[in-house]
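Please look over the sequence and the structure shown here. A short report on the chain comes after them.

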Amino acid sequence: MRNTFLLSLAIIIFSCGACSKDGSVGPAGATGPAGAAGPKGDAGTANVIYSDWLDVAYDPITGDFDEDGKLDTAAFETTIAVAKLDNDILTSGEVKVYINLGTAAAPEITPLPYFDVFAGYSINPSFSANQIYMLATNSFQTYMGTDNVKHQQYRYILIPGGTAARTSKSVDWNNYSEVKAYLKLKD
C-alpha cells in the first residue's frame with residue numbers, strides 16, 4: 001500500500017510540473033543575424049562529359065586461320081573518336097562505356113566490358129588518348145531493325161579526376177540507371 005501511495009504521489013508531481021499556467025504558448029523570439037558563410041564544398045559533377053547515343057560500325061578482323069586457305073573472321077573491331085579523352089582522364093579519371101542492346105523506347109543498357117557466357121559473345125573496350133577501341137567476338141554494330149528503330153547504340157562517359165570524393169552515397173558504375181541518376185544525365 002505504501003508503494004502505491006508513493007507511485008501515485010510521483011505521478012501527480014510529474015504531471016503538475018509539466019503544466020503551464022494558462023496553457024498558451026508564448027511569442028516567438030527575435031531572429032538573430034545570419035551566420036558566416038561556410039567553406040566551399042567539393043567539386044560536383046559539372047565537369048562530367050558524356051556522349052549522345054552513338055551509331056557504331058564494326059570492321060571484321062580476317063586472316064587465314066585454318067587449313068582451307070580461306071579468309072576467316074576472327075573478331076570485330078571499331079574505334080570511337082573522343083576528342084576530350086586526354087591523358088589527365090586516362091590517368092586520374094574514369095571512362096565508362098555502355099551499350100543499349102534494345103532501343104531508345106525500350107532500353108536494355110549494359111556496361112562494357114560485356115560478356116555473354118552462354119552465347120560466347122564479348123565486347124571489350126580499351127582507352128587511349130582521344131579514342132575508345134572496342135574488340136568484339138561478333139559485330140555489335142548499330143542497326144536499323146525491322147521495327148524501323150535503331151538497336152545497339154553506344155554511349156561513353158568521361159569523369160575527370162579531381163579531389164577524392166567523400167560521399168555517403170556509393171554508385172554502382174556498372175548500373176547505368178544509377179550512373180544516369182547520380183550524374184544527372186539526359187537522354
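The report below goes from the overall fold to single residues.

## Overall make-up

This is a predicted model. The protein chain holds 3 helices and 11 strands. Along the sequence, these elements run in the order α-β-β-β-α-β-β-β-β-β-β-β-β-α.

Of the chain's 187 residues, 26% count as buried. Among contacts with a separation of 6 or more, 59% join residues 24 or more positions apart.

## The salt bridge

How many salt bridges does the count give? The count comes to 1 salt bridge. D55 and K150 form a salt bridge, with their closest N and O atoms 2.5 Å apart. D55 sits in the loop between β1 (49-50) and β2 (59-63), while K150 belongs to strand β10 (residues 150-151), so the pair ties together parts that are 95 residues apart in sequence.

Are the two partners buried, exposed or partly exposed? D55 has 44% relative accessibility and counts as partly exposed. K150, at 34%, also counts as partly exposed.

## Surface patches

Negative charge gathers in a surface patch made of D64, D66, E67 and D68. One of these, D68, lies in the loop between β2 and β3 (72-81). D68 is partly exposed, because its relative accessibility is 45%, and the range for that class lies between 20% and 50%.

A nonpolar surface patch is formed by F115, V117 and F118. The area of this patch is about 450 Å². V117 is in the loop between β6 (114-116) and β7 (121-128). V117 counts as exposed because its relative accessibility is 70%, and the cut-off for exposed is over 50%.

T110 is part of strand β5 (residues 109-111). T110 has a relative accessible area of 19%. Buried means under 20%, so T110 falls in that class. Setting aside residues up to four places away in sequence, T110 touches Y98, I99 and L101.

Which peptide bond is cis? The bond from L112 to P113 is cis, with omega near 5°. P113 lies in the loop between β5 and β6. At 44% relative accessibility, P113 is partly exposed.

Not counting residues up to four places away in sequence, P113 touches I123, N124 and P125. P113 and I99 are 14 residues apart along the chain, and their C-alpha atoms are separated by 9.6 Å.

N148 is a residue other than glycine with a positive phi, near 65°. N148 is in the loop between β9 (143-144) and β10. With a relative accessible area of 61%, N148 is exposed.

Q152 is a residue other than glycine, and its phi is positive too, near 60°. Q152 is found in the loop between β10 and β11 (153-159). Is Q152 buried or exposed? Q152 is buried, since its relative accessible area is 12%, and the cut-off for buried is under 20%.

## V179 in helix α3

V179 lies in helix α3 (residues 176-183). Is V179 buried or exposed? V179 counts as buried, with 0% relative accessibility.

Which residues does V179 contact? Apart from its neighbours within four places in sequence, V179 is in contact with Y98, I157, V171, D172 and W173. V179 and K96 are 83 residues apart along the chain, with their C-alpha atoms separated by 9.9 Å.

Key:
Residues are numbered from 1 along each chain as its sequence is written. This is a predicted model: local features need pLDDT of at least 70, side-chain atom pairs count only at pLDDT 80 or more; totals for chains, interfaces and linings use all residues. Side-chain values use heavy atoms; hydrogens and water are left out. A salt bridge is a side-chain nitrogen of Lys or Arg within 4 Å of a carboxyl oxygen of Asp or Glu. Helices (H or I, at least four residues) and strands (E, at least two) are DSSP runs, numbered from the N terminus. Buried means under 20% relative accessible area, exposed over 50%, partly exposed in between (1.4 Å probe, protein chains only). Patches are made of residues with over 30% relative accessible area and no salt bridge: like charges are joined within 9 Å, nonpolar side chains (Val, Leu, Ile, Met, Phe, Trp, Tyr) within 5 Å. Accessible areas come from the Shrake-Rupley method with a 1.4 Å probe; for residues, only the protein chains shown count as cover. Lys and Arg count as positive and Asp and Glu as negative; His and the chain ends are not counted. The place of a charge is taken as NZ of Lys, CZ of Arg, CG of Asp or CD of Glu. Contact means heavy atoms within 4.5 Å.
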